[in-house]
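Please examine the sequence and the structure shown below before reading the report.

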Amino acid sequence: IAAVPLPLSAADTAMEEIEQFTGGSEASESGKISLEMPEIAENGNTVPLTVSVDSPMSGDDYVKRVMVLADANPRPGVATFHFSPKSGVAEASTRMRLARTQNVIAVAEMSDGSFHMAKATVKVTIGGCGG
Amino acid sequence: MAKSKPRVKAPKAASKGEVITIKTLISHKMESGQRKDKQGNLIPRQIIHNFTAKFNGETVFAVDIEPAISANPYLQFKMRADEPGEFEFIWQDDDGSVYSKKQKLSVT
């Protein structure tokens, strides 16, 4: 059946972005990724985030990329971190905007082509996308 | 807009094989493209959309940045100090501006 495309919810858009990133491969919630964020963010304009991936970061076994998404922001994309074996440790921190309470999702691509995923739910008191 | 000012905090010296932490910040409003002005018109997006850290010319870490990154984007990351050399940190603005900063690292 040729369906009329329905407007996608932000969460659906996030799922689509993950599929694009993984090329359809399954991203397992294996515990390899740790996504550190506050449980409650009083100010959604600047929410700290640290993502790290358990990896030896050697020449033939390292983390290539980690994509971070926020599933209820106006647009889910947040950032994609590109690592190299020279990173030594696959860890990055930044500060992000959250429009409201939602899930933040991190998806990692490893050098062997496997994908891993982690989620964190952040409660937001004052949204970070308003005027 | 006012010229953005990049700042970097990284060690100047490390022992061989040590994993060092690099902290960077650039002053920038990171206009998301989602906000409206008083007349209700969308304010066009203008963000720093890419950050790249090179060491001796080789990219060691990079970030594709979306409007969801906060104003004055802060980035912290790691690098293993294998040999002495020079960092080059590069920030790319939507308006075509490129900001960069260099810093030397000695390794013993």
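## Model and annotated domain

The model is predicted. An unreviewed UniProt entry lists residues 9-103 of chain B as "domain: Sulphur oxidation protein SoxZ". Over residues 9-103, chain B is 52% strand and 0% helix, and the end C-alpha atoms of this stretch are 10 Å apart.

## A sheet built from two chains

An open sheet is formed by six strands in the order S2(A)-S4(A)-S7(A)-S6(B)-S3(B)-S1(B), with antiparallel pairing. Its edge strands are S2 (33-36) of chain A and S1 (6-9) of chain B, each of which pairs on one side only. From one strand to the next, the twist averages 15 degrees.

Strand S7 (residues 90-96) of chain A and strand S6 (residues 74-80) of chain B run antiparallel and are joined by two bridges. Ser93(A) stands opposite Gln76(B) in S6(B).

## Aromatic rings

Over all chains, the structure holds nine aromatic pairs. In one of them, the ring centres of Phe51(B) and Trp91(B) are 5.2 Å apart; their planes lie at 55 degrees, so the pair is tilted. This pair links distant parts of the chain: Phe51(B) belongs to strand S4 (residues 48-55) of chain B and Trp91(B) to strand S7 (residues 85-93) of chain B, 40 residues apart. Phe51(B) and Trp91(B) are both buried.

Ring pairs also link residues into a cluster, whose members include Phe81(A), Phe83(A), Phe51(B) and Trp91(B).

How values were computed:
Residues are numbered from 1 along each chain as its sequence is written. Chains are lettered from A and ligands numbered from 1 in the order in which they are written. This is a predicted model: local features need pLDDT of at least 70, side-chain atom pairs count only at pLDDT 80 or more; totals for chains, interfaces and linings use all residues. Side-chain values use heavy atoms; hydrogens and water are left out. UniProt positions are given in the numbering used here, feature names are shortened, and annotations may be inferred rather than shown by experiment. Helices (H or I, at least four residues) and strands (E, at least two) are DSSP runs, numbered from the N terminus. Rings of Phe, Tyr and Trp (its six-membered ring) pair if their centres lie within 6.5 Å; planes under 30 degrees apart count as stacked, over 60 as edge-to-face and the rest as tilted. Buried means under 20% relative accessible area, exposed over 50%, partly exposed in between (1.4 Å probe, protein chains only). Two strands pair if DSSP finds at least two bridges between them. Axes are lines fitted to C-alpha atoms, for helices over the stretch in contact, and angles run from 0 to 180 degrees between N-to-C directions.
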